[in-house]
Amino acid sequence: MDTSFVVKDCALISIATGEEAQNLRELSDRVKMVPTGCIYYHFWGGMLRSSFDEPEYQNDFAAWAWRCLHDNRLAERLAIIDPSAYQDLEALRSELADVIDERLAESEHVPWVRSGQRFKFIRSQIVVFDTGIRITHPSEMAEQIARMSLGSIFYHFIDARRRTGQGKNDFVEWFTSFDEADCIKLTRRINRIDPYFTTLAALRRELEAVFTS
Amino acid sequence: MSNLLERYAKIVGDIVIDHLRQLARPLQGMKVVHVNSTREGGGVAEILSWLVPLKQELGLDVKWELIIGEQGFYQCTKQFHNGLQGKPLVIPQELLVTYERTNAENADRMRRTLKEADFVFIHDPQPAPLMHFCPDRKGKWVWRCHIDLSRPYRTVWKYLRKFVVGYDASIWSLADFAQPMPHPLYLIAPSIDPLSPKNIELPTTEVNGVFARYGLNPDLPLILQVSRFDHFKDPLGVIEAYRLIKAFTPVQLVLAGGGAADDPEGDQVLHEVRMAAKNDPDIHILLLPSDAHREINALQRAATVCVQKSIREGFGLTVTEAMWKGKPVIGGDTGGIRLQVVNHHTGFLVNTPEGAALRIRYLLKNRQILENMGRKAREYVLTNFLVTRHLREYLILMVAMMHESADRIEM
């Protein structure tokens, strides 16, 4: 059986859903009913789409709470939600809804925004393609990872969490096919990388450092 | 790698270009047609002038067609433009008749090309009814809206919607602009071409040459707004901001713009701007021809701070251009400017002439902050608003449409 690592790449395009929220109650309602693709997009999509490298907040819900609702307390609570800590998107949705509802319960009125600042729910389509590159052994990875596009990093390190049974990344999954002590060490070091509070370029550098060492 | 793609690779890197080639592979030889209303003037023509050759280099069979009409047609579509950006108005019935007749005639002229195309991209309202007059089409039709449609005058939008509702998909510059439709509403921000005369690097002598050519003072800070003379760009508000700054510090203002072939209202606004300037020797109103790209480039590079104080804006490519030249931008808090001007990082978002004056004064006083913001602005454009990102999203869209509406497409 061929155990080569198949390097894939991916690209994302955003699609407006037409769903929107002008106040916190509407946000709570919509969060509970929009497709999970929207939850994925607003937590993870920022890494692949046009965005500023030094955002105040890492997910779109926190950024909206801060920039449009001017509710810093809610923004901070939303910002700390780490999507990689949840088994699936439904669990992440549930946590998100809980945080919003808790804030609603604390508030004497429902915070709202001007019509031009509504939260717009967006989903995405992801196109995945084979780059034709094959890596036969982990020792080759250091050289290859520096050449990988940010789309490849996203696909193998972030998107893999949605595809693999236990929410792992593709590198760690691949190491299981090698019965070598070095692979166990690599797995430990890769698992220590925080995939969320960073950028794809920084992730690539971190992975490169792990494989180089 | 082809020559044109090689030139882009020098700016964005080989990885980005390889990525485009991979995405284009399943689209080889596909017939693609873009239709708009002008080859010169305005952001749409500029986008198509690089998008078409790049798609061709990637192996797609691309044509760029124009819808051609008489004066009444352009009067009608200008009113659409104003109405879609929120201005209440009544469009005379005879202009609507001219609009539909012009589209029917153009559909006849282009019928074979449109019928055989695998993808047809129709830009803005001018050619929107073409699909209605091409019932025997075989490809996918996509309506590309470049206009801020966040708060349209409903009567105008209701009339136009019936022509675009039947498209297979539509593309919008921002989620805020997208109107509900029974097809996928793709979001693609516009971009600039770093190799175009408007954005290419210029020799210092050419940049400094603008001071002598336009009678500018090289020792005074230069505030620049580049835009059509259009009320939505608020040139009068910029003059007001300039006067507020000048009360504190010496400064000069350049309002540089040209007319677009499809904009009959430019002369009237230009007249109002001249009246407001009142022969102030430090206000320079430059009416430049639509091909004065290097001049605009040189002016943006010579400027100290660039302004785009629009009150309504589709995307605002002049903002992107200024940022690419390392200038912080004072932008109106509207439309696509919000996507580009990251407050306190790449410039400032403002809502009034007073706000613009305040921020410009702050930057003139803090030159190190001005320079840092300019550097961040350029980096932001490099990653997000160059043609390569824009082209990538067009390619993804085409691949995605070949696979209907699946969230994940494995090629």
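Good morning. I begin in chain B with B:D234, which sits in the loop between β7 (222–226) and α8 (235–246) of chain B. Please bear in mind throughout that this is a predicted model. B:D234 is not a glycine, yet its phi is positive, at about 50 degrees. In general, most residues other than glycine have a negative phi. Is B:D234 buried or exposed? B:D234 counts as buried because it has 24 C-beta neighbours inside 10 Å.

A second residue of this kind is B:H344, again not a glycine, with a positive phi near 75 degrees. B:H344 belongs to the loop between α12 (337–340) and β12 (347–350) of chain B. Here the count of C-beta neighbours inside 10 Å is 12, and B:H344 is therefore classed as exposed.

Let me turn to the sheet of chain B. Six strands make up an open, parallel sheet, and their order is β9-β8-β7-β10-β11-β12. At its edges stand β9 (283–287) and β12 of chain B, each of which pairs on one side only. From one strand to the next, the twist averages 20 degrees.

Within this sheet, I would draw attention to strand β8 (residues 252–257) of chain B, which runs parallel to β9(B) and is joined to it by five bridges. Opposite B:V254 one finds B:H284, a residue of β9(B).

Next, a pair of helices in chain B. Helix α4 (residues 71–84) and helix α5 (residues 93–116), both of chain B, pack at about 110 degrees, and their axes are 8 Å apart. The angle means that α4(B) is roughly perpendicular to α5(B). On the α4(B) side, the residues that meet α5(B) are B:G72, B:F73, B:Q75, B:C76 and B:T77. Their counterparts in α5(B) are B:L95, B:L96, B:T98, B:Y99 and B:T102. What is the make-up of this contact between α4(B) and α5(B)? Five of its residues are nonpolar, five are polar and none is charged.

I now come to the domains of chain B. The assignment gives domain 1 as 3–191 + 386–402 and domain 2 as 204–384. Taken over C-alpha atoms, the centres of these two domains of chain B are separated by 28 Å. Their contact draws 22 residues from domain 1 of chain B and 22 residues from domain 2 of chain B. On the domain 1 side, α3 (43–57) and α4 of chain B are the elements that give two or more residues. The largest share, four residues, is that of α4(B). This side of domain 1 of chain B consists of six nonpolar, 11 polar and five charged residues.

Finally, chain A. It is divided into domain 1 (5–10 + 130–212) and domain 2 (11–123). The centres of these domains of chain A, over C-alpha atoms, lie 28 Å apart. How many residues of domain 1 of chain A are in contact with domain 2 of chain A? There are 11, and they meet 11 residues of domain 2 of chain A. On the domain 1 side, helix α7 (residues 150–163) of chain A provides the largest share, four residues. That side of domain 1 of chain A has seven nonpolar residues, three polar and one charged.

Thank you for your attention.

Methods
Residues numbered from 1 in each chain as written. Chains lettered and ligands numbered in written order. Predicted model: local features only at pLDDT ≥ 70, side-chain atom pairs only at ≥ 80, totals over all residues. Axes fitted to C-alpha atoms, helices over the stretch in contact; angles between N-to-C directions. Parallel < 35°, antiparallel > 145°, perpendicular 65-115°, else oblique. Contact = placed C-beta atoms within 7 Å. Nonpolar A, V, L, I, M, F, W, Y, C, P; charged D, E, K, R; others polar. Domains from an automatic or database assignment. Buried ≥ 20, exposed ≤ 12 C-beta atoms within 10 Å, placed from the backbone. Pairing = 2+ DSSP bridges.
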